[in-house]
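Hi,

Here is the structure I promised to pass on to you. Have it open while you read, and I will walk you through what turned up.

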Amino acid sequence: MADQKEQETSVFTEEVIKEVIFRVHRFSPDDGKPPRMQDYKVPVKRGMTVLDGLHYIRDNLDSTLSYRFSCRMAICGSCGMFINNLPRLACKTQILELEADTIEVKPLPNYEVIKDLVPDLSDFFEKHRSVMPYLIREEEEEKIDPPTNEFLQTPDELERFLQFAYCTKCGLCLAGCPTVATDKVFLGPMALAQAFRYNSDTRDQGFEKRLELLCVPEGPWRCHFAGSCSEVCPKGVDPALGVQLLKGQIVFTKLGLKKPHKIAPLATEKPEAKRRPGIPEAPPRTVKKE
Amino acid sequence: MREPTLWILHILAGIIILIFLGIHMGIMHLDTILTSLGVGYKNPLSWSSVLIRNKALFFTITYILLLGAALYHGFYGLRNILFELSLGKSAQKAVNWLLFFVGLFLFIYGGYAAIAAYVI
Ligand code: SF4
Ligand code: FES
């Protein structure tokens, strides 16, 4: 009885609601054919995402289709695609919510295409790396990983950059950015918002170092505040705001109107953390220390 | 550190334009209200009124400031547009110098006109 009730109220029924056409971008550098769109009929059940639709195609219709994904729950940022003319995460986009009989799936714009729906994100990650997106400390002993103790930060200090820490590096913001569309060397909303995130972190002392990297023509000055990056961000981050705050941070510091932030002190006492009974030891590190 | 300086100047130029263009618009289009308040010029477009303004030091200075601000603001914007075409370093340098000299020429030419109207 309870089972029957659950089945009636569950949104995840097996019933096929409708059939949609998936119009998918196909391109392989090896077959010598120009990029083209290929249609597939996909039966849609309630709760199916665009990523599920692509899985259906790959499993039942065409095993040569290539696309990126990993977590299937909008955490890893791998499945960014251009779905019905907007950059979106395929695993977060419900087919029925698109309210369309044809779903066009293309690779993210503003990136080179490696194959089918796979964009080349190397430049994107290179731009991210270029702004030193990690905590920089001056004390020699704190430069090593792990530091000698934890840094003390208040909730208010955390609040200043917290939203930017939710970025999953999915690359949708660069796909939506009109400046990146014409200027390939522009650092772009993600890297710039991350520069602001680390500059504003009281545990960080790297502002001066990052300043040199940001005061270049391809830095935040190129942003026209179109705001499309924030519009498409699937994690609710506001990278456009981050870029404007970064401009303000640099300019006000330069004009002497803003003092560098307070540096989070190192805790004097070791935190008293005891492993609860039954919790196993952490697995060995996958990245070896040099 | 040149980029933030150029950007700050761009914002300052925008503020100057806003103020002086506001004054200009007020004088040109709100003449009825302004003259009823005892300021401004009747028939601001008439030759005599233009002449009076040209002979006032305040206007000569504002004309030159507005000219400089508008040229800088406009040329900085143009530089942005050109840089967004993913120019190489040497092309960027060429654009910088070209815009600088064209801007300087226009500023000297416009400034000369404003000063000449004041002195002659
Ligand atoms: S800011 Fe948003 S859209 Fe840009 S990479 Fe981060 S999560 Fe993705
Ligand atoms: S698969 Fe991880 S975000 Fe979509």
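**A residue in chain B**

Asn96(B) is found in helix 5 (residues 89–119) of chain B. Please keep in mind that this is a predicted model. Is Asn96(B) buried or exposed? Asn96(B) counts as buried because its relative accessible area is 18%, and buried means under 20%. Which residues does Asn96(B) touch, if we leave aside its neighbours within four places in sequence? They are Arg2(B), Arg79(B) and Phe83(B).

**Two domains in chain A**

Now turn to chain A, which is divided into domain 1 (12–119) and domain 2 (122–254). The C-alpha centres of these two domains of chain A are 30 Å apart. Where they meet, 14 residues of domain 1 are in contact with 16 residues of domain 2.

The size of an interface is often given as the accessible area lost when the parts come together. Domain 1 and domain 2 of chain A bury about 1100 Å² between them, with 58% of it on carbon and sulfur atoms. On the domain 1 side, the residues that lose the most area to domain 2 are Pro87(A), Asn110(A) and Tyr111(A), which together make up 49% of what that side buries.

What about polar links? Between the two domains of chain A there are zero salt bridges, but six residue pairs are in polar contact. Strand 4 (residues 86–89) of chain A gives the most to the domain 1 side that touches domain 2, with four residues. By class, that side of domain 1 has nine nonpolar, three polar and two charged residues.

Enjoy exploring!

Key. Residues are numbered from 1 along each chain as its sequence is written. Chains are lettered from A and ligands numbered from 1 in the order in which they are written. This is a predicted model: local features need pLDDT of at least 70, side-chain atom pairs count only at pLDDT 80 or more; totals for chains, interfaces and linings use all residues. Side-chain values use heavy atoms; hydrogens and water are left out. Domain bounds come from an automatic or database domain assignment. Contact means heavy atoms within 4.5 Å. Buried area is the accessible area (1.4 Å probe) that two parts lose on being put together, summed over both. A salt bridge is a side-chain nitrogen of Lys or Arg within 4 Å of a carboxyl oxygen of Asp or Glu. A polar contact is a pair of N or O atoms within 3.5 Å; within protein, one must be able to donate a hydrogen and the other to accept it, and residues adjacent in sequence count only if both atoms are side-chain atoms. Helices (H or I, at least four residues) and strands (E, at least two) are DSSP runs, numbered from the N terminus. Ala, Val, Leu, Ile, Met, Phe, Trp, Tyr, Cys and Pro count as nonpolar, Asp, Glu, Lys and Arg as charged, and the others, Gly among them, as polar. Buried means under 20% relative accessible area, exposed over 50%, partly exposed in between (1.4 Å probe, protein chains only).
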